[in-house]
Each structure stands twice: as C-alpha cells, then as structure tokens.
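Thanks for taking a look at this one with me. Below are a few short notes to read alongside the model.

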Amino acid sequence: MGILDVFLQSSSSVSLLGALAVLLLLYLVSSFSFSSQEDGNEPPGPKPLPILGNLLQLDLKRPYNTLLQLSKKYGSVFTVYFGHKKVVVLAGYKTVKEALVNHAEEFGDRDPMQIMDEHSKGHGVLWSNGDSWKEMRRFALTNLRDFGMGKKACEDKIIDECDHLTEVFEKFKGEAFDPTQPMNYAVSNIICSMVYGSRFEYDDPEFTSLVDRTNRNIQLVGSPSIQVYNVFPWFCKWIANRKEFLRLGAANKKLNLELFRRLKETLNPQMCRGFVDAFLVRKQNLESSPVSLLVVLVVLLLVFLVSSSSFSYREDLKEPPGPRPLPVLGNLLQLDLKRPYNTLLEFSKKYGSVFTVYFGPKKVVVLAGYKTVKEALVNCADEFGDRDPMQIVHEFSQGHGVLWSNGDSWKEMRRFALMNLRDFGMGKKASEDKIIDECHHLIEEIKKFKGEAFDTTQPIYYTVSNIICSMVYGSRFEFDDQEFTSLVERTCKTIQLAGSPSVQLYNLFPWIGRWVAERKEIMKLKAANEKQNLRLFSHLKETLNPQMCRGFVDAFLVRKLNLKEPEITNSHFHNENLMMTVIHLFAAGTDTTAATLRWALLLMTKYPNIQDQVREELSSVIGSRQVQIEDRTNLPFTNAVIHETQRLANILPIAVPHRTRQDVTFQGHFIKKGTTVYPLLTSVLHDESEWESPHTFNPAHFLDKDGKFVKRDAFMPFSAGHRICLGESLARMELFIFFTTLLQHFRFSPPPGVSEDELDLTPRVGFVLNPSPHKLCAVSRM
Ligand code: HEM
C-alpha cells in the first residue's frame with residue numbers, strides 16, 4: 001500500500017489534511033481558475049479553495065453525508081468542488097425527479113470518473129455515452145428480457161438458485177457464519193445464467209475469483225484514495241489501490257475472454273444460451289453483412305481483373321440464355337447472396353425455365369417451374385442425377401457418404417442406407433412407435449414452460465434428432481445428455497455456416513480459404529463430431545451381436561466384418577463411408593424435419609382459425625386417443641395443412657445442387673457434362689401456373705370441393721428422380737404424428753403483447769430455410 005493510501009485509508013482528517021497540504025503546496029503556484037458560483041445564475045455552494053475546492057469540508061469516506069448537510073444550507077441544487085472538479089448536486093425527491101424525468105435529455109449523460117474511464121474506455125453500458133451506450137443498453141435490455149428478465153423463466157432460475165443457497169446455509173447447522181460470500185455467489189449466478197447461459201458451482205474457482213475480484217473492485221472504487229485519484233489523476237497514478245483495481249480488472253477481462261472463447265466454440269445461432277451468445281451472433285451477422293461482402297468482392301475484382309478468366313458466353317445460341325456475366329464475378333453482383341433463390345426466381349421470369357447464371361466463375365444451369373424440373377429429374381434422371389459437391393462439402397465429405405457422393409460409392413451407400421433404415425422401421429409400424437414415444441418426451445419438455453413463451457428450436461431439434469439416432473445408433477438419448485446435445489448443436493451450426501454468404505464465396509473462390517473464419521469453424525465442428533461418433537461406434541462395436549443389429553451402424557459393421565479377403569480392397573464398406581453416411585443421415589434427418597415442424601407450429605399460431613379447424617377435425621375423428629398413421633386418410637384437412645406447410649415453407653429452395661453426368665440437349669438447350677444444375681424447388685412449390693394462390697397459406701390447395709384430400713403433382717419438397725430424398729417416408733410419418741399429437745395436447749399462441757400479424761414469416765438465412773428466431777406459447781389442453 002502506498003503512503004498516500006495509508007493516509008487516505010485512515011479516517012483521521014489530520015492525515016488527510018497532511019496529504020492535501022502537500023498537494024496545496026505543490027500546486028498553489030500553478031494557475032487554476034474556478035468558475036465561482038457568484039457569476040451568472042450558477043447554483044450556489046460553499047466557497048472553494050484553489051485546487052482543493054471543497055475537499056477539506058467533505059467526509060471523503062461518506063461524502064453523501066456532507067452533501068446532505070450542504071443541501072440544508074444551499075438548497076436543492078448546489079455546487080461543490082471536488083478538487084478542481086465542479087459538481088452540481090441535486091437533492092430532494094422533487095428536484096431529482098424534475099431533473100432526471102422532466103429533463104431526461106439534458107441530465108441523461110454519464111460522467112465517467114477517471115478510474116472508470118481507464119477501465120471501461122467508453123465501452124459497455126454503465127460508463128459509456130452517446131450512440132454506443134444507446135445501442136448497448138437497448139441490446140442488453142432486449143436480450144436480458146429474452147433470457148427471462150422479469151419473466152417466469154427468470155423466476156425459475158431464482159428459485160433454483162435459492163435452493164442452492166439454502167443448502168449452503170443449512171450446512172452451518174444454525175452456527176454463526178458470514179453470509180456475504182454465499183449470498184454474493186447466489187445473486188451473481190442469476191446474472192451469470194443470463195449472461196453466459198449457465199450458473200456456476202459455488203466452489204468453481206473461476207467463478208469465485210470472478211465474483212470476489214468484482215466485489216473487491218467495487219469496494220476499491222469507493223475508497224478515499226481512489227476518489228482523490230479521480231480528482232488529481234496527474235498526481236496519484238502510483239497509488240496502490242488504483243494499481244490493484246486495474247490488476248483485478250485485467251484478470252477479470254482475461255477470464256471473460258476465456259469464457260467467451262468457450263462459448264464461441266459451441267455457439268449455435270439458433271439456440272442462444274445467453275447475452276454473450278446473442279452478442280457473438282449479432283457480431284458475426286455484421287461481419288458477413290453486405291458491406292463486408294462488398295469489400296471482399298471488390299478485392300476479388302481487383303485481383304482478378306488482371307488475370308485471364310474464360311467464360312463460355314452464351315452467344316453460342318444452343319446454350320441456355322441468362323444475364324450477361326462480368327469477368328471473374330459472373331452475375332454475383334446481381335444476386336442476393338443471402339437469398340439467391342429469390343433472384344433466380346426473378347431471372348426465370350425474364351430468361352425462361354432453363355437459364356444460365358454465373359456464380360463467380362462457376363456456370364450454373366437453373367431449372368425453374370414444375371414441368372421443367374420434373375422433366376429433367378424424372379424423364380432425364382440419368383443425365384441430371386449426379387451431385388455437385390460444393391468446395392466446402394468436397395473438403396468435408398471427400399466423396400464419401402450418401403448426400404454429396406457420386407458413382408458406385410453413392411449407389412451402394414444409398415441402397416444400403418435405404419434398405420437398413422427400412423429394416424429398422426422407416427415408414428413402418430416400428431418407426432411409428434418410436435415417433436409416438438419420442439413425441440411424449442417432447443410434450444413433457446413443452447409442458448415445463450407452463451404456457452410461457454419459449455423458443456421451439458431446442459426441444460424440437462432434440463426430438464426429431466432422436467428418431468434418426470434410434471435408427472442409426474439403435475437408441476435414443478436423453479435431452480440433457482451432453483454428448484447428444486452437442487452433436488445436434490454442432491450439426492445445426494455446420495448446416496447454417498454452410499449457407500452463410502462467406503462460405504458461398506469460398507465455394508467459388510477457394511483460394512480465399514485462409515481468410516474465411518466460417519470455413520475453419522466448419523472443419524473444427526466436423527472434427528469434433530467425428531471424434532464423438534468414433535466413441536459411439538467403438539461402444540457399439542464392443543457390444544455388437546451380428547444376429548441382433550440395433551441400427552444402421554451395427555448393420556454396417558456386420559457387413560464390413562463379413563467381407564471376404566478379395567472384396568476388402570474394392571469394397572465401399574470402409575470406415576470413411578460409415579462415418580460420412582452416419583453424419584449425412586444425422587444432418588439430413590434432423591434439420592429438415594425439425595425446421596418444417598417449427599414452420600407448422602408458427603403457421604398455426606399465425607392463423608388461429610386454421611389451428612381451430614385442425615383441432616376440431618382431430619377432436620371429432622380421433623378424440624383424445626393417440627393418433628396413428630392410418631388415421632391420415634380420415635383427417636383430410638389436417639393432412640392438407642401439413643402439405644401446405646411444406647409447400648409454403650419451401651425449406652430447400654434449390655434442393656441440393658445436381659450436376660450433369662453427360663452432355664445433354666434439354667428443351668433445345670445444350671448442357672455440357674459436368675455442369676452444375678440447380679433444380680429451383682421454390683419455383684415448383686410456388687409455381688404460379690400450378691397453384692391458385694402460390695404465395696399464401698391456403699390448405700385448400702390440397703382439398704377438393706367436398707373437402708377430400710387431393711394429391712398435387714407440383715408438391716415436390718422432397719425433389720424427384722434418382723436423388724429424391726432418401727428419408728421421405730420417415731419425414732412424412734414424423735410430421736404427421738408430431739403435428740397431430742402436439743395439436744391434440746396444446747393450443748399455440750403468440751407471446752403476450754405480440755399479435756398474430758406481427759409473427760414474421762421471413763425465413764432465416766441458411767442452407768435449410770428455418771423460421772426467423774421466435775417464441776410461442778403452448779397452453780396445455782389436457
Ligand atoms: C421434411 C423433411 C425433409 C425434406 C423436405 C427433405 C428434402 C430433401 C431434398 C430436397 C433432398 C435433395 C434431393 C435432390 O438432390 O434433388 C434431400 C436429400 C436427402 N435427404 Fe431429405 N428431406 C427431409 C427429411 C429427411 C430425413 C428425415 C432423412 C433421413 C433419413 C433425409 C435424408 C436425406 C438424404 C440422405 C438425402 C440425399 C439423397 C441422395 O443424395 O441420394 N431427409 N432431402
């Protein structure tokens with residue numbers, strides 16, 4: 001502790017006087033001008049000394065007491081000099097209210113003390129001003145509210161924390177103890193669970209040091225020596241309390257950076273756990289904003305304008321027409337990179353149902369409208385049946401698995417996956433039982449919200465994912481099983497990152513790879529998921545019984561074990577194909593169905609009359625018993641609502657990119673072998689020549705005049721041809737059972753204060769179109 005600290009920590013005004021006299025002597029010669037209150041209409045106050053102002057009259061440990069005394073003499077608005085710093089004090093209810101409420105603008109800025117200025121540097125919310133403060137305050141408020149502030153969710157957290165605190169108190173068995181620390185920890189845990197997304201144990205050294213350092217710093221800020229430092233910063237830089245304050249501040253910053261790093265590693269933008277997650281997502285979104293994309297594009301343009309790139313122009317009349325491309329950039333500048341399917345839809349109006357677009361140097365032939373897509377994928381299934389792996393998935397899958405592979409390996413993996421998933425119940429009674437069982441777990445999860453608004457993402461993703469897990473690994477997981485939840489979260493994050501504008505640019509210009517943070521992240525998530533799958537495989541291998549396969553992994557392992565010596569070298573049943581097929585089934589089977597189900601609940605909330613009609617049909621046909629898949633034919637309206645949800649939600653707007661397997665002349669256009677082809681499913685599902693009201697939610701699209709269900713040819717959300725969705729029958733069964741059972745059990749409505757009209761149907765950016773973040777209330781009917 002420094003000498004001045006010793007002086008200042010002592011309450012004796014004699015020692016204070018000593019220290020201040022030194023200051024006085026040193027500075028009496030310097031010229032300091034006080035704007036005395038005598039001039040003008042400035043608030044009155046005690047006469048200040050040069051430099052010291054009114055410091056000698058103030059009780060520096062409890063200045064508020066002296067100020068209270070002064071208000072009796074000088075009134076409710078008076079001036080006091082803390083050293084040379086002029087402070088206007090407002091006293092009494094009427095004055096404080098008049099200033100802070102009636103003159104909110106004039107009195108609304110923060111005055112950061114010297115020590116806080118050094119510590120916060122104008123950032124954050126407590127000591128900042130201007131636009132930065134405004135934005136941080138608004139963001140913090142909305143997010144803390146989202147994470148429960150002032151609501152039921154927060155009440156539950158407080159009650160839970162209170163139980164922990166009670167346990168600590170009980171440990172003292174009525175003996176005397178200091179409650180400061182446990183109470184600090186308990187209170188701090190509430191804010192931790194909102195900020196970091198989780199509470200800490202009271203013996204977690206990271207947590208306790210964070211809380212202890214914060215409390216010590218708050219104490220230091222109020223110490224007399226730091227108050228003197230705030231007034232004379234040029235003189236007292238060396239005081240020990242200031243040094244300690246800054247050292248503790250730096251230690252807390254370091255620890256926070258580490259906590260942020262961990263949160264970033266497991267970040268899932270669809271499932272923000274707390275304020276830090278929400279902030280990171282907001283930051284990431286800004287970084288991939290059109291402005292930064294534009295900068296990347298300008299750099300690309302500059303680098304490449306000098307290099308020679310060859311576009312095969314469509315002047316050769318036989319090739320499909322399209323907008324004229326720029327060198328290197330192609331038509332990128334004309335495309336909405338966040339929602340390219342919208343621009344492609346516009347182009348189709350001008351260039352017809354088969355047209356060419358250049359994504360950078362990559363030529364893509366787009367197929368638009370029901371007739372054209374069907375003709376290509378079904379009538380010319382061989383020619384259009386290859387997959388076009390984008391750069392990122394090429395690196396990710398390396399030609400293995402089923403989703404992004406081609407040739408014999410794809411054929412064998414697809415056949416084996418289809419056959420085995422059917423064996424494990426896909427589209428049959430066995431899987432119906434699994435879905436019903438899982439649906440009841442979901443109902444229990446939703447009931448926990450007790451009718452309060454909640455984000456549907458997490459429970460629905462876990463539920464849907466468990467169906468594919470029970471077919472692939474042979475068993476479901478508990479919703480709080482860390483291995484499971486991290487597998488789901490990493491998978492969803494990967495799919496979302498794959499659809500981000502920066503990864504799309506990377507697919508076109510792979511040499512920018514090193515700069516694309518999202519690419520690195522995808523590879524990191526892949527490595528983590530592979531590691532986890534290896535653990536699951538090895539456990540399954542240890543308990544394998546070839547006569548009783550539990551799921552796809554068992555069947556694959558048995559098939560691999562049964563390979564005879566000469567087959568082994570040429571077989572596609574190798575570890576890489578096992579790993580990738582499992583990863584593909586998990587991803588394709590989770591994000592798609594879960595997104596569709598979330599759309600269905602959102603649409604029911606937005607259109608309560610339709611929800612009521614579904615509910616009435618369910619009540620009259622089923623009553624309260626469990627819905628079975630065979631009930632579908634007797635529930636035409638409900639079935640139409642599910643179809644219409646899939647049609648409007650349009651979750652895979654350009655399907656998954658295809659590629660021509662050979663040269664083909666299609667509708668009079670020549671398309672070279674190896675050309676990328678986008679079957680624009682949006683243009684089929686919203687085809688104006690096929691649907692009566694293509695852009696509105698209208699279940700009548702699937703009903704005849706007698707209210708009977710009618711199939712529609714242009715209903716193609718699972719695509720068509722050789723590459724048609726492998727999990728279609730499973731997905732349709734899931735959607736039917738989940739949707740009907742949920743509507744039997746709950747009434748869905750918007751959060752309090754939000755009207756149905758305000759529910760946003762704009763999809764979130766990503767490879768699979770999910771609804772934008774939202775919350776719903778589910779009030780139990782049973
Ligand atoms: C509502 C739910 C679903 C929708 C809308 C959907 C849609 C699609 C679409 C549009 C494709 C691309 C077809 C093409 O390339 O032309 C696809 C492929 C695929 N889907 Fe689904 N899907 C859903 C659920 C599932 C489920 C539950 C599984 C799990 C088994 C699954 C597994 C696959 C696989 C493995 C492929 C790749 C097929 C291949 O390339 O041969 N999907 N899906």
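1. Let's begin with Cys725. Leaving aside residues up to four places away in sequence, Cys725 touches Phe718 and Ser719. Please keep in mind as you read that this is a predicted model.

2. Where does Cys725 sit? Its place is the loop between helix H28 (681-685) and H29. Cys725 counts as partly exposed because 19 other C-beta atoms lie within 10 Å, while a buried residue would need 20 or more.

3. An unreviewed UniProt entry lists Cys725 under "binding site". In the model, Cys725 is also among the residues that come nearest to the ligand, together with Ala588, Gly589, Ser719 and Gly727, out of 27 residues around it. Two elements give two or more residues to this shell, namely helix H25 (575-606) and helix H29 (728-745).

4. Which helix gives the most to the shell around the ligand? That is H25, with seven residues. By residue type, the shell divides into 17 nonpolar, seven polar and three charged residues.

5. Now for Arg625, found in the loop between helix H26 (608-621) and helix H27 (636-649). Is Arg625 buried or exposed? Arg625 is exposed, because its count is 8 other C-beta atoms within 10 Å and the cut-off for exposed is 12 or fewer.

6. One more pair to look at in the viewer: Arg625 and Thr741 are 116 residues apart in sequence, and their C-alpha atoms are 9.5 Å apart in space.

Technical notes: Residues numbered from 1 in each chain as written. Predicted model: local features only at pLDDT ≥ 70, side-chain atom pairs only at ≥ 80, totals over all residues. Near = placed C-beta within 6 Å. Helix = DSSP H or I, 4+ residues; strand = E, 2+ residues; numbered from the N terminus. Nonpolar A, V, L, I, M, F, W, Y, C, P; charged D, E, K, R; others polar. UniProt positions renumbered as here; feature names shortened; annotations may be inferred. Contact = placed C-beta atoms within 7 Å.
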